[in-house]
Amino acid sequence: MLTGVIARISTVINNPILKLWKEFFIIGILGLAILVILPRIRIRTLYLFCITALTTIAFLTMNLNINMTILFYQLKLDLVLFLFIIAAYDSLIILKKDELESYIKKIYKIFMVFAVINAILIIVEHYFPAQFMAFLGFQDEQWGADTGIKIVATGGVIRSPGLLTYFVPAGTLMLLAFIVTIETRKAFKMRRSLRLILLTLFVISIFFTTYKTAIIGLIFYLIIKTIEFLFRQLQLILTTLLTLIFFTTFFISTHFMNIYYFVNKYSPDIAYNSILIRIQQHLAILETMKTTKQMFFGVGMGLNGKFGLDKTVFNVDALPTDSTYIYVASNYGFVGVFAFLAIFIYVAVRLFNNRPFDVFGIRYIVLYTIAIEFFYNNFIASFPTNILIIAMILVPFAKSYHVKIAVKKEKKLKRELIYSKAV
């Protein structure tokens with residue numbers, strides 16, 4: 001939640017090594033997680049690592065015609081994220097029950113403090129954009145990767161990034177903060193007046209980031225909560241139906257012109273920037289998938305995507321991959337797309353079936369990722385900015401694991417007691 005500060009410092013100092021802070025951070029936390037689990041690593045984890053290694057080798061074999069620098073940069077984005085999730089989960093389940101509860105309390109406190117700081121700064125940036133730009137040392141129209149922070153304005157209004165590098169993660173953070181503030185009201189006591197103030201602060205900051213996907217996500221969440229309140233017996237069916245409706249709507253909005261024409265009548269700017277450009281980007285990549293192999297396994301690892309590595313150096317004219325959907329389709333084909341959705345749907349089902357373990361209410365963010373953000377933002381490329389979301393997703397699974405172990409121990413003791421009495 002301080003990535004914007006670190007990115008700006010790295011560009012001001014202009015040290016080539018310091019500019020790689022994100023790469024060092026990603027590799028560092030993966031290495032740390034592996035070191036934590038090594039003394040008590042599970043057989044199942046070793047199997048997962050082996051399957052991951054074999055899958056990686058298979059994809060590398062299919063993409064040997066691509067420059068190795070591009071391939072390994074792509075692996076840095078995807079492989080490290082996947083390995084980190086495995087290692088981070090194992091590092092949580094080896095904690096004792098009281099240690100896990102302590103971890104949950106700490107992550108909650110840290111999250112709330114930095115969420116509030118970011119929310120306040122988002123509002124300040126909105127009302128004092130000129131002073132904010134001057135403070136960063138930016139000139140007019142200066143924004144993008146070369147500055148460390150991507151500043152965007154629409155309709156003369158700045159899209160506030162808070163302490164992050166861009167308005168997109170800032171909007172997502174504020175949406176997460178709003179949901180966490182509501183969903184933790186039983187787990188963590190707070191004065192009702194203070195909770196209302198924080199909720200108001202987070203809603204205002206969501207709108208001041210102008211991140212429309214997060215605004216729609218807020219509406220999506222409030223509809224689900226209304227369903228849960230009014231239709232307790234039908235909430236699972238209605239929530240599933242709502243998710244399918246949103247998923248279908250956003251799929252149509254990024255592949256066909258119907259929704260673009262509708263929105264264009266009321267807001268041409270939103271229709272052009274948020275819908276038409278994405279339709280063009282998605283169709284441009286889909287049109288390059290000409291063979292059956294490309295449809296199933298993608299056009300090539302790392303060949304598309306304009307963030308990070310400058311691929312023009314390798315004579316590669318990369319297309320933007322600004323959504324999880326087109327990013328996965330381009331790199332791993334529709335096999336990868338269905339695999340990603342299957343994993344997230346499985347996670348969502350598990351979380352909704354184990355609600356008492358979902359301390360942070362992260363199940364709603366998982367649904368948001370499937371139904372809305374899947375076509376409009378890149379969850380994978382957001383790593384490590386989304387590390388808090390990943391941590392909050394892993395917590396319920398770790399708590400569930402502890403309960404299963406406790407039940408197994410209890411059953412074992414009962415069997416031993418019955419056996420000893422029989423003897």
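Predicted model: local features only at pLDDT ≥ 70, side-chain atom pairs only at ≥ 80, totals over all residues.
1. Residues are numbered from 1 along each chain as its sequence is written, and side-chain values use heavy atoms, with hydrogens and water left out. Local features need pLDDT of at least 70 and side-chain atom pairs pLDDT 80 or more, while totals for chains, interfaces and linings use all residues.

2. Helix α5 (residues 97-127) packs against helix α7 (residues 167-183) at about 130 degrees, with the axes 10 Å apart. Helices here are DSSP runs (H or I, at least four residues), numbered from the N terminus. Axes are lines fitted to C-alpha atoms over the stretch in contact, and angles run from 0 to 180 degrees between N-to-C directions.

3. The contact (heavy atoms within 4.5 Å) involves residues of α5 including Tyr108, Phe111 and Ile122, and residues of α7 including Ala170, Leu173 and Val180.

4. The structure holds 26 aromatic pairs (rings of Phe, Tyr or Trp, its six-membered ring, with centres within 6.5 Å). The rings of Phe167 and Tyr211 have centres 6.0 Å apart and planes at 70 degrees, so this pair is edge-to-face (planes over 60 degrees apart).

5. Phe167 belongs to α7 and Tyr211 to the loop between α8 (192-209) and α9 (212-230), so the pair ties together parts 44 residues apart in sequence. Both Phe167 and Tyr211 are buried (under 20% relative accessible area, 1.4 Å probe, protein chains only).

6. Ring pairs also link a cluster, with Phe247, Tyr325 and Phe379 among its members.

How values were computed
Helix = DSSP H or I, 4+ residues; strand = E, 2+ residues; numbered from the N terminus. Phe/Tyr/Trp six-rings, centres within 6.5 Å; stacked < 30°, edge-to-face > 60°. Buried < 20%, exposed > 50% of the residue type's maximum accessible area, 1.4 Å probe, protein only.
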